[in-house]
Amino acid sequence: MSDIEKIHGITPDLTRENVDRLLALFPDVATEITDPKTGRTERAVDFDALKERLGDVAEGNRERYQFTWPGKREAKRLAREPIAKTLRPIKERSKDWDTTQNLYIEGDNLDALKLLRENYAGKVKLIYIDPPYNTGHDFVYDDDFSQTQDEFNAESGEYNEEGGRLVANPESNGRFHSDWCSMIYPRLLLARDLLTQDGAIFISIDDNEIQNLRKICDEIFGANNFLAQITWEKRYTRSNNAKLFASLTDWVLAYRKSPNLSLLRESRSEKTNSIYSNPDKDPRGPWTSVSYVNPATKTQRPNLAYPLINPITGKTVIHPTNAWKYEHSTYEKHVAENRLYWGQKGENSYPRLKKIPF
């Protein structure tokens with residue numbers, strides 16, 4: 001049975017999961033309450049006891065750093081709310097069903113993320129999303145399913161291909177930014193759960209919500225897991241229709257799940273590899289090199305002017321006009337680490353600094 005055939009049923013109650021994690025950390029803050037709707041008694045968190053354990057750090061109306069908007073509490077609830085839905089495989093429309101390692105899913109992405117979390121939590125290495133931009137013309141997802149279809153049709157009449165409700169977010173809307181933040185927040189919460197500990201997420205966005213999106217990502221992924229705010233050139237010519245400034249770029253925000261991701265490096269191509277060699281049989285492997293000579297003169301950088309020793313010939317080397325690129329203590333470190341190359345027989349007038357890849 002494939003993974004896709006296993007993804008069905010009722011998703012877990014994430015609120016209960018969070019309570020259990022908290023009580024596992026602080027068992028002394030546990031209490032019992034009775035649910036007035038069901039009459040069932042269940043474990044809960046005594047928040048007064050929890051505040052005592054945490055030193056009562058941010059209670060009541062004290063000023064504190066936070067990013068919020070109308071609807072944020074509901075957005076968190078949406079992410080935690082269990083659903084009873086199924087991802088249904090359509091084998092007749094699929095290609096290489098028995099051998100493919102990929103899934104193509106159609107439907108509301110919030111529901112899909114909740115269902116995927118069951119089988120793929122902590123297993124996804126990389127996520128890229130291109131959410132609706134808040135331009136005032138695009139549509140964003142409507143997560144309020146309390147209206148009947150007739151009521152909703154009377155208001156907008158907009159549906160996506162799968163029958164999911166969409167709602168316009170024009171500038172006349174009094175909650176222009178709040179609606180967009182409430183849309184993206186629960187989806188990013190669930191996306192984080194899918195990532196491996198060394199996983200990363202890349203999110204395309206434009207100028208309208210880049211500041212809010214970065215604050216949301218700082219909260220969900222942690223500001224220390226911010227990787228980059230990449231500038232993407234979306235067009236190469238100016239817009240003659242622009243009345244003020246023409247936007248030529250959008251953004252891609254990159255965050256990691258945790259510090260376990262400590263290196264992002266593209267594999268070297270055959271052309272790139274051609275510049276690496278190992279003429280002195282350095283045990284660290286092939287390397288390339290750069291000049292040790294500074295473009296600045298000795299007069300301009302007197303602290304970088306000092307004699308070098310060619311270790312092969314034993315000769316003292318002083319540049320007649322220019323300084324070196326590094327101060328003397330760094331030069332000594334380069335010598336100790338065998339980072340300077342003078343030629344196989346010491347024939348170079350000046351050393352080259354080895355650039356050894358990771």
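The following legends describe close-up views of a predicted model.

**View 1. The largest nonpolar core of the predicted model.** This core has 36 residues, of which Leu188, Ile201, Leu213 and Ile216 touch the most other members. At least two core residues are supplied by each of helix 4 (72-80), helix 5 (109-120), helix 7 (176-194), strand 6 (195-205), helix 8 (210-221) and strand 8 (249-256). Helix 7 provides the largest share, nine residues. In soluble globular proteins, nonpolar side chains tend to be buried together.

**View 2. The surroundings of Ile216.** Ile216 is one of the residues that touch the most other members of the largest nonpolar core. When neighbours within four places in sequence are set aside, the contacts of Ile216 are Phe67, Trp69, Cys181, Ile184, Tyr185 and Leu188. A further core lies apart from the largest one; this other core has 10 residues, including Val293, Tyr331, Trp342 and Leu353.

**View 3. The hairpin of strand 1 and strand 2.** Five bridges connect strand 1 (residues 30-34) with strand 2 (residues 41-45) in the antiparallel sense. Glu32 has Arg43, in strand 2, as its bridge partner. Six residues separate the two strands of the hairpin, and Gly39, in the turn, has a positive phi of about 80°.

**View 4. The largest cavity and the residues that line it.** The structure contains one cavity of 30 Å³ or more, and the volume of the largest cavity is about 50 Å³. Its lining consists of Thr11, Pro12, Leu14, Ala79, Arg80, Glu81, Lys114, Arg117 and Leu190. Helix 4 and helix 5 are the elements that contribute two or more residues to this lining. Rolling a probe the size of a water molecule over the atoms shows where empty space is left.

Note on methods
Residues are numbered from 1 along each chain as its sequence is written. This is a predicted model: local features need pLDDT of at least 70, side-chain atom pairs count only at pLDDT 80 or more; totals for chains, interfaces and linings use all residues. Side-chain values use heavy atoms; hydrogens and water are left out. A nonpolar core is a set of buried Ala, Val, Leu, Ile, Met, Phe, Trp, Tyr and Cys residues joined through side-chain atoms within 4.5 Å. Buried means under 20% relative accessible area, exposed over 50%, partly exposed in between (1.4 Å probe, protein chains only). Helices (H or I, at least four residues) and strands (E, at least two) are DSSP runs, numbered from the N terminus. Contact means heavy atoms within 4.5 Å. Two strands pair if DSSP finds at least two bridges between them. On a 1 Å grid over the protein atoms alone, a cavity is a set of points where a 1.4 Å probe fits but cannot get out, and a pocket is an open set with protein on both sides within 12 Å along at least five of seven lines; lining residues have an atom within 4 Å of a point. Grid points are joined across faces, edges and corners, and a volume is the space filled by probe spheres set on the points.
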